[in-house]
Amino acid sequence: MMDKFANFVLAHPRLITFFIFVLVVLAALPASKIRTDFDLENFYPDTDPTVQSYRYLEEEFGRDDNIIMVGFKDSTFFTKEGLLQLKQIVDSVKQIPLVEDVRSVWSAEEMVNNNGSLTFDPFLDEDSLAHSLSSAKANITQDPFAAGFFIDEGAQTTAFYIEIEEENNTYETRNALINELNSILESYPETDFKITGIPYFRNQYVNTLNGEVIFYISFSSVLIIILLWYLYRSISGVIIPMLIVWFTVLFTVAAITLTGGYLEIMSSTIAPILLCVGVADSIHMISKFDDAIQNGFEKSKAILEMLLTLGSATFLTSITTAIGFGTLITSSVVPMKRFGLYTALGVLIAYTITILFLPAIIKITKIDRVFKENGGRLYTWIAEKLSLLSIFNRRYFKTISISAILICGLIGLGMFKLNVNGRVFDDVSRSSVLIQDSNFFSEELAPAFPLEFVIDTKVESGITDPRLLNKVDQFQAHLLSYPEIKRATSFTTLIKELHETMAPDKAELSTIPNNPALLSQYLLLLEITGNDVLSRVTDFDYQKLRIAAQTEDAGSMRINEIRASIEEYISSNFVEEEIDVLITGSTILSANLVGKMVYSLASSIGLAFICISILMAFLFKDLKMVLISLIPNIMPLVLIAGIMGILGIDIKPSTAVIFTIAFGIAVDDTIHYLARFRIELKRGLDIQEALEITTQKTGRAIIITSFILLAGFGTLITSAFTSTTLMGILVAATILFAVIADLIVLPSLFYWLNPKLKDIRAKN
């Protein structure tokens, strides 16, 4: 079959080249329309219980992730001039399109008992501001709904909250809103505004991400071009591999757009991965073409030899690499599923372009050899050192094999120190403005991370049971016993404040009314006022009540510990009630996501190992060969896991994906080596001769592609995202481990285990 394909390519090189360039033009439009988004809810399938719980909260009380928080600290804030300036700012922000509401200290209201009637009066009145400032300050800093939310205890820090229209809460609309907000705030240069909130973070994250994707594609391309020129010293040696990877990225991005996908926290790394990994096929095939020319083949024969020898082998490496990423399709985490699908697709696209475009362009141009003899010394130096390495492997194979296994085992012990832990703002550097602004709210007011509870009594007016409300009040006090949880308000908070306002004498005896009839009367009073405070803490039928807590970005490990402790408290203290207590919120979404992503990756990598083991067994029909082929792929993963554990680097979505990338790289090199080794065996060589030729010829291509991978992934170290920086460092380390495993450990294992491989040599 490869014979027919090779002859077709040689017969129609211009047609193939023209067809590829037409596809490039057609792919440019959809690729240019790629969009980016970051929504935790979209990480889960619709049937996931975590998402269903979150949507239950949304349906009953609205979303908890559509608020942008703006705050500042100023010792002169609570003066007439300071408050009027804040009002001016808030009024300007209210005029921004798609802003549903803006709440600030000017929105804060106190309950007033007017001869048995209830009214809600603003704490601040513009007309009487001068003479009522002192009492307003005292009252507002004591109000449970305003204190720690709109204002701090010392009245030096304040914040206002911008609610975005839910139906228009998209990346594009948020960007426009944030730009207008910044324009307004810039009119007050003397004030150091701090901005946070999940929608704000999402957009700033995406904006930084978009810039970095473009930067890394550009920077990596420049570094790879420089390296290719240094290695080959020929224009064709630079242009051909670069065109192949650029076309690969273009077609993959176009495919993402055409299938309704978009760039997100994981798929945004596809382009840099394909840029680095995609060049490997062309390097291996170019090396084979040059070898054929050096052995006296004329150009067409050399192309034919390249396709016949490496066409199937390169297909095999592409399939195994695609399997490494493709197994992520089994994940329950939607972005991980997409990442696996699109990266696997990109790998196959890279192979298709390479196998078509490379021989066609060589055929129709005057290229007679890609590597120039008068070119860089590194190319020749690599060949010389690989010859010496072959001798070293043959002489010390047992020492090498045992030492490698022992070193890998010792370092691998560090993996037992690994923790699965991730934060909502995990990808962003702790020193960034985003994190510093978020910390400002945690330190001065309350954190920006919602932890929500919905208590469903299952009966209409069920929340008017005083016994239940006392338990809820105790539950709130329990929540605040966790140092990470800074604030909690609920229907109970509202009733306690109302009881103190309407019946202060009784409130001294019992902060919560112990009479259901009185509770019902209080609800009627609240309804009559028309104030929307009730809708924030209970539903229309008074069947459910909401507890809104705010917690620090403590990390998924700690959040899950807190959640487990809270669930234990609920099961012990609400055991007599026929009620459901739902724990949800964006913080829970994030914490659940970390575990799901990590365990999905682990199972996917395990599945990939099984698939590749089956493939190796099919190719070599020898159990020793399966073991020999797996060890070099396991070693880099074990070493990276051990190093991460020793250095205290947590397993989280951004670092867990490193193992998939590392596996894909390691497998690619191993399969290239084994495929060439198999070809040499079929030609009648014994194991020693086949290993020496494979190490010298394929080893050269492995080293060159590894240099390119190091250049490509090395650029990630400069990222503004901590996770991306770690990815660059750890993947670079993995590449080095993979080269050592494939060029030193792999051939040593052949000498040590000495597989018979009679079937392969018999087919010669």
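This is a predicted model: local features need pLDDT of at least 70, side-chain atom pairs count only at pLDDT 80 or more; totals for chains, interfaces and linings use all residues.
Is Val739 buried or exposed, going by its relative accessibility?

Val739 counts as buried, because its relative accessibility is 17% and buried means under 20% relative accessible area (exposed is over 50%, partly exposed in between, with a 1.4 Å probe and protein chains only). Val739 sits in helix H26, residues 722–753.

Numbering runs from 1 along each chain as its sequence is written, and side-chain values use heavy atoms, with hydrogens and water left out.

## The whole chain

The chain has 764 residues, and 60% of them are buried. You'll find 27 helices and 10 strands in it; helices (H or I, at least four residues) and strands (E, at least two) are DSSP runs, numbered from the N terminus. Taken along the principal axes, the C-alpha atoms fill a box of roughly 105 × 55 × 40 Å.

## An open sheet

Now for a sheet: 4 strands make an open one, ordered S2-S5-S1-S6, with antiparallel pairing. Strand S2 (99–103) and strand S6 (194–196) are the edges, each pairing on one side only. From one strand to the next, the twist averages 20°, with axes taken as lines fitted to C-alpha atoms and angles running from 0 to 180 degrees between N-to-C directions.

S2 and strand S5 (residues 157–164) run antiparallel and are joined by 4 bridges; two strands pair if DSSP finds at least two bridges between them. Val102 has Ile162 in S5 as its bridge partner.

## A buried asparagine

Asn393 belongs to helix H13, residues 377–395. A polar atom of the Asn393 side chain lies 3.0 Å from the backbone oxygen of Leu743.

## A greasy spot outside

Over on the surface, Phe18, Phe19, Val22, Leu23 and Leu26 form a nonpolar patch with about 490 Å² of accessible area together. Like charges are joined within 9 Å, and nonpolar side chains (Val, Leu, Ile, Met, Phe, Trp, Tyr) within 5 Å. The areas come from the Shrake-Rupley method with a 1.4 Å probe, and for residues only the protein chains shown count as cover.

One of the patch residues, Phe18, lies in helix H2, residues 13–32. Phe18 is exposed, at 57% relative accessible area.

Definitions and conventions. Patches are made of residues with over 30% relative accessible area and no salt bridge: like charges are joined within 9 Å, nonpolar side chains (Val, Leu, Ile, Met, Phe, Trp, Tyr) within 5 Å. A salt bridge is a side-chain nitrogen of Lys or Arg within 4 Å of a carboxyl oxygen of Asp or Glu. A polar contact is a pair of N or O atoms within 3.5 Å; within protein, one must be able to donate a hydrogen and the other to accept it, and residues adjacent in sequence count only if both atoms are side-chain atoms.
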